[in-house]
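Dear colleague,

Please find below the structure that I am handing over to you. My notes on what was found in it follow directly after.

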Amino acid sequence: MEEDTAAGLKNRMSGPQAARNGAVVWFTGLSGAGKSTLAEALLPRLRAAGKKVELLDGDIVRTHLSKGLGYSREDRDINVDRIAFVAHLLARNGVTVLVAAISPYRAARDRARTTIGNFVEVHVAPPVAECIKRDVKGLYQKALAGEIPQFTGVNDPYEEPLSAELTLDTSALSVEKALSQILITLRELGYLEESEWARAEAPGNAASPS
């Protein structure tokens, strides 16, 4: 795992000021990569640090905010645009927003970055074989058999980020180690003050082993 801070430098602000503002941590990656797992584990850690936090999970958003949308490129882009709009409203009111969504197209994610501003892209990137191994619903096998059309990573493209703030191979990292990398990145970008980072990393807040 390597951290890519090229895009992060564009978002960097003075530490205390950035830490008082909201931000959006956008988890992108294939189905089964571990986006929701990391977002759900990060949420209580940030709350322990004193942050206001909300989670926008792609699957849940689709059943409410984006109900009726399909999986064409246009519909996927509309879904990402809607998530970005809601995340921006929350972030500008001081909320740290965790987004867990496949968001397969680079241009849509770049629009989200522009809309939001305080944007931390986390590419959750285990090998496809690991995603298939984790797939208890058998969706990958059905897609490979041609039973599910427009399945990202099989018969629909996933465009990897070119300059994510952080890339995590969750096949090689425990949840706890991945969270530590995320928290360090948020601290380095100024979205966590040193004291907030210390509270988030406190032993009592550790994630369950994975």
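Arg-73 is partly exposed, with a relative accessible area of 40%; here buried means under 20% relative accessible area, exposed over 50%, and partly exposed in between (1.4 Å probe, protein chains only). Arg-73 forms a salt bridge with Glu-159, and their closest N and O atoms are 3.7 Å apart. A salt bridge is taken as a side-chain nitrogen of Lys or Arg within 4 Å of a carboxyl oxygen of Asp or Glu. Because Arg-73 lies in helix H5 (residues 73-91) and Glu-159 in the loop between H8 and S5, the pair ties together parts that are 86 residues apart in sequence. Glu-159 is also partly exposed, at a relative accessible area of 21%.

Please note that this is a predicted model, in which local features need pLDDT of at least 70 and side-chain atom pairs count only at pLDDT 80 or more, while totals for chains, interfaces and linings use all residues. Residues are numbered from 1 along each chain as its sequence is written, and side-chain values use heavy atoms, with hydrogens and water left out. Helices (H or I, at least four residues) and strands (E, at least two) are DSSP runs, numbered from the N terminus.

A search of the whole structure finds 12 salt bridges. In one of them, the side chains of Arg-45 and Glu-176 meet at 3.2 Å, N to O. This pair links distant parts of the chain, with Arg-45 in helix H3 and Glu-176 in helix H9, 131 residues apart. Arg-45 is buried, with a relative accessible area of 1%, whereas Glu-176 counts as partly exposed at 21%. Glu-194 forms a salt bridge with Arg-187, with 3.7 Å between the closest N and O atoms. Arg-187 counts as partly exposed, at 25% relative accessibility. Salt bridges that share partners also join Arg-109, Arg-113, Glu-121 and Glu-165 into one network.

Helix H3 has 14 residues and spans 20 Å from its first C-alpha to its last. This is close to the expected 20 Å, the expected span being 1.5 Å times one less than the number of residues. Among the buried residues of H3 are Leu-38, Leu-42 and Leu-46. Gly-50, which follows H3, has a positive phi, near 95°.

The largest nonpolar core has 36 residues; such a core is a set of buried Ala, Val, Leu, Ile, Met, Phe, Trp, Tyr and Cys residues joined through side-chain atoms within 4.5 Å. Phe-27, Leu-42, Leu-46, Leu-98, Val-122, Ile-182 and Leu-186 touch the most other members. The elements that each supply at least two residues of this core include strand S1 (23-28), helix H3 (35-48) and helix H9 (175-188). Apart from it lies another core, of 17 residues, among them Leu-56, Val-61, Ala-91 and Val-97.

An open sheet of 5 strands has the order S2-S3-S1-S4-S5, with parallel pairing; two strands pair if DSSP finds at least two bridges between them. Strand S2 (53-57) and S5 are the edge strands, each pairing on one side only. S4 and S5 run parallel and are joined by 3 bridges, and Leu-168 in S5 is the bridge partner of Val-124. Helix H9 lies across S1, S4 and S5, running at about 180° to S5. For this, contact means heavy atoms within 4.5 Å, and axes are lines fitted to C-alpha atoms, for helices over the stretch in contact, with angles from 0 to 180 degrees between N-to-C directions.

Yours sincerely
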